[in-house]
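Thanks, everyone. I will go through one model, starting with the contact between its chains and then moving to single elements and residues.

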Amino acid sequence: MSENFIEIKDLRFSYINDLEDPPVKTEVLKGVTLNIRKGEFLAVLGHNGSGKSTLAKCINAINLPEAGGVFVDGMDTLDEDNLLPIRQRVGMVFQNPDNQIVATIVEEDVAFALENMGVAPDEIRRRVDDALKTVGMYEYRLHAPHKLSGGQKQRVAIAGIIAMRPDCILLDEPTAMLDPKGRDEVMRTIKMLNEQGVTIVLITHYMEEAAQAERVVVIDGGKVVMDDIPRRVFAQVEKMKELGLDVPQVTELAWELQKAGYDISTEIITEDECVAKLAELLGGV
Amino acid sequence: MAVIKTEDLTYVYGDGTPFRKVAVDHVNLEIEKGDFAGIIGHTGSGKSTLIQHFNGLLRPTSGSVYIDGERLWDNKARLRPIRFKVGLVFQYPEYQLFEETVYKDIAFGPKNMGLDEDEIDRRIKETAKLVGLSDSVMQKSPFELSGGQKRRVAIAGVMAMEPEVLILDEPASGLDPKGREQILGMIKEYHKAKGNTVLLVSHSMEDIARNVSKILVMNDSKLFCYDETAKVFHRSAELEKMGLAVPQVTRVFDRLKAMGFDMGEDVYTVKFGSGLLLDRLGKKGAK
């Protein structure tokens, strides 16, 4: 029995611009194979235009495969009957919180999808309250969303998704527009949801965020080029830079020392590891 | 001489309503000509409200703003020429592109200034080169370009007005690490070439640390400080309390210092940090 929640098999996808004559086809995904286990916390990296967001949209059936297949909980995204169940299992959070909030009161916004799904009113009440408590926004339930900070708005958007009780949440650069505190709030929320068993797919440009995931996948030119635990991905500093990406500052620091001939591994991705190793070197042990 | 000066600048949103909020609170500030400064502060700290005063988009509730020694709002007819002196690039400026070609889009600002065709052409060419837009791109529709290129066109449109002060709100947000470096590098180039004042609003302390020489910190509507980069990051404990993380490498060195290692100066870039470590390790012969 496979415990893969999402199975992507040799996925190909192109955007077609039919305003031109003949239509112009831009191939974005060129054969992506990727399995995501239930409960996994996966980070997806790649430069702008590498196909990360396109891939995420294939997972919840906004984009449909041109060739190959995407299966969510065993359901083929190409089968129209699966659309609703797939989108109820896989929620998506986008970059700009302002584009995702539709209501004028926080709790109404969180209830929006549930109303559409035809959930009973008392159940909606319960789920909205639970979701807002989970993201730490319960005391703001009667506030107007546009008066909240970016981090708070993004947490409301996440609450709207978790109220649907999805098995998996795809987040497409959810922290790109937030300040450090807002980023921290959102990252904590994501990690907590993952601990509760929600499968997380996090697309990000922040290497420090990716370092907190269980597994990192790097997309380049429409293909998966790296797929490993964070420390083994970031240890390849030169390769990451070639791909237009970066590594956490602590990894780069270790890499600089390693290049100068010191005994230090580039598999350092956290501040704690870095401080401990540097103290050891400086202490002359 | 200060190109931007504020005296007790205060701005209140929604005065007389239950939503009254003091967004900028008695800010006294002098920004010198030629400064390349970062502006940091948590969301809602007053950064955006502050910069919107610098080119007269907002009128102070009380206090004054001086641009080049001239007090804003004394004479409304003077606002237009003053706005040409202070160029503001908003977040995600690529959404403001509208012209048929890249060339025309960049020309829009200079044209509004009433410059003659030759001067406009000179400025467009110079700016395009500076931001790395090739000749072939200039006649394309801006909507055919990639996100990073669109952003450059939008920034070039303001740069071509050659403002004495260029203010950019999160110019690198949403870009990948390489794209960030390119945009910031191009802003640095502009500063070097023109010697004009450049203010960079950013949430990325790493980007700020690598690029600017001074930092303005806003906290809870008040000016916390305006000082040299090293001196600002030296106050890392206070910054963290405000919800402003210092660069990761700064935290590492702060912790080493707390453990009793003599690390001398403050570290806020990887390059400087690794140099310092190599020096310390070399003396120890720890290889």
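How many residues does the contact take from chain A, and how many from chain B? The contact takes 38 residues from chain A and 37 from chain B, where two residues are in contact if their C-beta atoms, placed from the backbone, lie within 7 Å. On the side of chain A that touches chain B, helix 5 (150-162), helix 6 (180-195), helix 10 and helix 11 each supply at least two residues. Helix 11 of chain A gives the most, with seven residues. By type, the residues on that side of chain A are 17 nonpolar, 13 polar and eight charged. For those classes, Ala, Val, Leu, Ile, Met, Phe, Trp, Tyr, Cys and Pro count as nonpolar, Asp, Glu, Lys and Arg as charged, and the others, Gly among them, as polar.

Now the conventions. This is a predicted model, in which local features need pLDDT of at least 70 and side-chain atom pairs count only at pLDDT 80 or more, while totals for chains, interfaces and linings use all residues. Residues are numbered from 1 along each chain as its sequence is written, and chains are lettered from A and ligands numbered from 1 in the order in which they are written. Helices (H or I, at least four residues) and strands (E, at least two) are DSSP runs, numbered from the N terminus.

On confidence, the predictor gives the complex an ipTM of 0.81 and a pTM of 0.85. Chain B averages a pLDDT of 92, and 99% of its residues score at least 70; pLDDT is the predictor's confidence in each residue, from 0 to 100.

Chain B is divided into domain 1 (2-229) and domain 2 (247-287), with bounds that come from an automatic or database domain assignment. Taken over C-alpha atoms, the centres of domain 1 and domain 2 of chain B are separated by 35 Å.

Back to chain A, and helix 10. Nine of the eleven residues of helix 10 of chain A are buried, so this helix is largely enclosed by the rest of the structure. A residue is buried if 20 or more other C-beta atoms lie within 10 Å of its own, exposed if 12 or fewer, and partly exposed in between, with C-beta atoms placed from the backbone. Among the buried residues of helix 10 of chain A are Val250(A), Leu253(A) and Trp255(A). What covers the buried residues comes from both chains, including helix 9 and helix 11 (271-282) of chain A and helix 12 (270-284) of chain B. After helix 10 of chain A comes Gly261(A), with a positive phi near 100 degrees.

Is Leu245(A) buried or exposed? Leu245(A) is buried, because 24 other C-beta atoms lie within 10 Å. Leaving aside neighbours within four places in sequence, Leu245(A) is in contact with Leu45(A), His47(A) and Met240(A), and also with Asp176(B) and Pro177(B).

Helix 1 (residues 52-59) of chain A is another covered element: seven of its eight residues are buried, so helix 1 is largely enclosed by the rest of the structure. Just after helix 1 of chain A, Ala61(A) takes a positive phi of about 65 degrees.

Next, the strands of chain B. Strand 3 (residues 36-40) of chain B has five of its five residues buried. Phe36(B), Gly38(B) and Ile40(B) lie on one side of strand 3, with Ala37(B) and Ile39(B) on the other. Strand 3 of chain B pairs with strand 8 (residues 197-201) in the parallel sense over four bridges, where pairing requires that DSSP finds at least two bridges between two strands. Gly38(B) stands opposite Leu200(B) in strand 8 of chain B. Strand 3 of chain B also runs parallel to strand 9 (residues 214-219), joined by four bridges, with Val217(B) as the bridge partner of Ile40(B).

Four other strands of chain B form an open antiparallel sheet in the order 2-1-4-5. Its edge strands are strand 2 (21-32) and strand 5 (70-71) of chain B, each pairing on one side only.

Last, two backbone details. Glu170(B) is not a glycine but has a positive phi of about 50 degrees, and Glu170(B) is buried, with 21 other C-beta atoms within 10 Å. Asp220(B), also not a glycine, has a positive phi of about 45 degrees, but counts as partly exposed, with 13 C-beta neighbours inside 10 Å.
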